[in-house]
Amino acid sequence: MKAGGFSHAPVIPDTWPPGISVAAQGVAREGGEPLNEDQPGAATVTTPGEYPKELERDATLKEGTVAHLRPIRPDDAPRLVALFDRLSRHTAYQRFFSVLKRLPPAYAKVFANVDYQQRLAIVAEHDTPAGPELIGVGRYEPTDTPGMVEVAFVVQDAWQGQGLGSILLDAVLQAAVARGAQQFRAFVLGDNYRMLGLLARRTEIVGSKREEGVVAVEFRPLTAASP
Ligand SMILES: CC(C)(COP(=O)(O)OP(=O)(O)OC[C@H]1O[C@@H](n2cnc3c(N)ncnc32)[C@H](O)[C@@H]1OP(=O)(O)O)[C@@H](O)C(=O)NCCC(=O)NCCS
C-alpha cells in the first residue's frame with residue numbers, strides 16, 4: 001500500500017501478504033508470537049480472541065450442496081495453503097493481485113490467526129472422504145480510517161457461481177457491523193466484473209476510484225432504508 005493517498009492494492013508489496021492492510025499490520029505487531037518462518041523481522045500474528053461460535057452455520061448453495069460456514073481458526077493455516085494450491089492462477093491473481101506459486105505458510109498463519117473483533121475471517125468448508133476442505137474465505141481487516149474495514153473474498157473455482165461469494169459477503173458484512181464497523185472498502189481489479197457486480201448488487205456503493213487498473217470501492221451494507 002502506498003503511503004499518503006490512494007492505495008492501489010490490498011497489499012504491502014514484497015513484505016506483506018496481500019489482503020492484509022497497513023492497519024492490520026499494525027494490529028498484528030501489537031500482540032502474538034513473532035512471524036519469522038519466512039520473513040525474519042516481519043510482523044507478528046494476532047492474538048486470538050474468543051471464538052464466535054454463533055457465526056457457525058450451514059448454507060445451501062444453488063445446486064443444493066451444503067457448505068459449512070465458520071469463523072477461521074489458527075489450525076486452518078495449512079488448509080489455507082491447500083486451498084491456495086487448488087485455485088486457478090486467474091482466481092489467485094484476482095484475490096491477491098500478484099502471482100504466488102504457493103501461499104507462504106507464514107502468510108497463512110497470519111490469515112488464520114485473527115482476534116475476531118478487529119480482524120475476522122469466515123471460511124466455507126465441505127466434507128470430503130479425506131476430511132473437511134476449505135472452498136472459500138471472506139475476511140475483513142482494519143484500515144487507517146476509524147470505523148472502516150477492508151474486505152476480501154475468494155471462492156475455489158469449482159465452487160464459484162453457486163452463490164457462495166454472495167453468502168460469504170453477507171456473512172462478513174454482518175459480522176463486521178456487529179463488531180462496530182460502519183464503513184467498508186474493497187480493492188478490486190478493474191476487470192473483475194463478478195466481484196464489482198456482487199458489490200453493486202448486494203451493497204450500497206458510496207464511492208469508487210480507479211487507479212492503475214484497481215478500483216477502490218467504498219460501500220455500506222444494504223439496509224431496509226437503502227434504495
Ligand atoms: C468474486 C467471487 C468471490 C464470487 O464468488 P462466487 O461464489 O462465484 O459468487 P456468487 O456465486 O455468489 O456469484 C456472484 C455473482 O456473479 C455471477 N456469476 C457467477 N458465476 C459467474 C460466471 N462464471 N461468470 C459471470 N458471472 C458469474 C452470479 O450470477 C452472481 O450474480 P447474482 O448476484 O446476480 O446472482 C469469486 O468469483 C472469486 O473467488 N473470484 C476470485 C477472487 C476475487 O475476485 N476476489 C475479490 C477480491 S476482493
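Ground rules. I number residues from 1 along each chain as its sequence is written. Because the model is predicted, local features need pLDDT of at least 70 and side-chain atom pairs count only at pLDDT 80 or more, while totals for chains, interfaces and linings use all residues.

Fold. I looked up the secondary structure and found six helices and eight strands, taken as DSSP runs numbered from the N terminus (helices H or I, at least four residues; strands E, at least two). The order from the N terminus is α-β-β-α-α-α-β-β-β-α-β-α-β-β. I then checked contacts (C-beta atoms, placed from the backbone, within 7 Å). Of those with a separation of 6 or more, 59% join residues 24 or more positions apart.

I counted a residue as near if its C-beta atom, placed from the backbone, lies within 6 Å. The shell around the ligand has 22 residues, and the closest are Gln94, Gln160, Gly161, Gly165 and Ser166. Two or more residues each come from α3 (89-96), β5 (148-155), α5 (164-178), β6 (183-189) and α6 (193-202). Helix α6 gives the most, with five residues. By type, the shell holds nine nonpolar, ten polar and three charged residues, with Gly counted as polar.

Burial. I took a residue as buried if 20 or more other C-beta atoms, placed from the backbone, lie within 10 Å of its own. On that basis 39% of the 227 residues are buried. Helix α4 (residues 105-112) is largely enclosed by the rest of the structure, because six of its eight residues are buried. I list them as Tyr107, Ala108, Lys109, Val110, Phe111 and Ala112.

Terms used. A residue is buried if 20 or more other C-beta atoms lie within 10 Å of its own, exposed if 12 or fewer, and partly exposed in between; C-beta atoms are placed from the backbone. Two residues are in contact if their C-beta atoms, placed from the backbone, lie within 7 Å.
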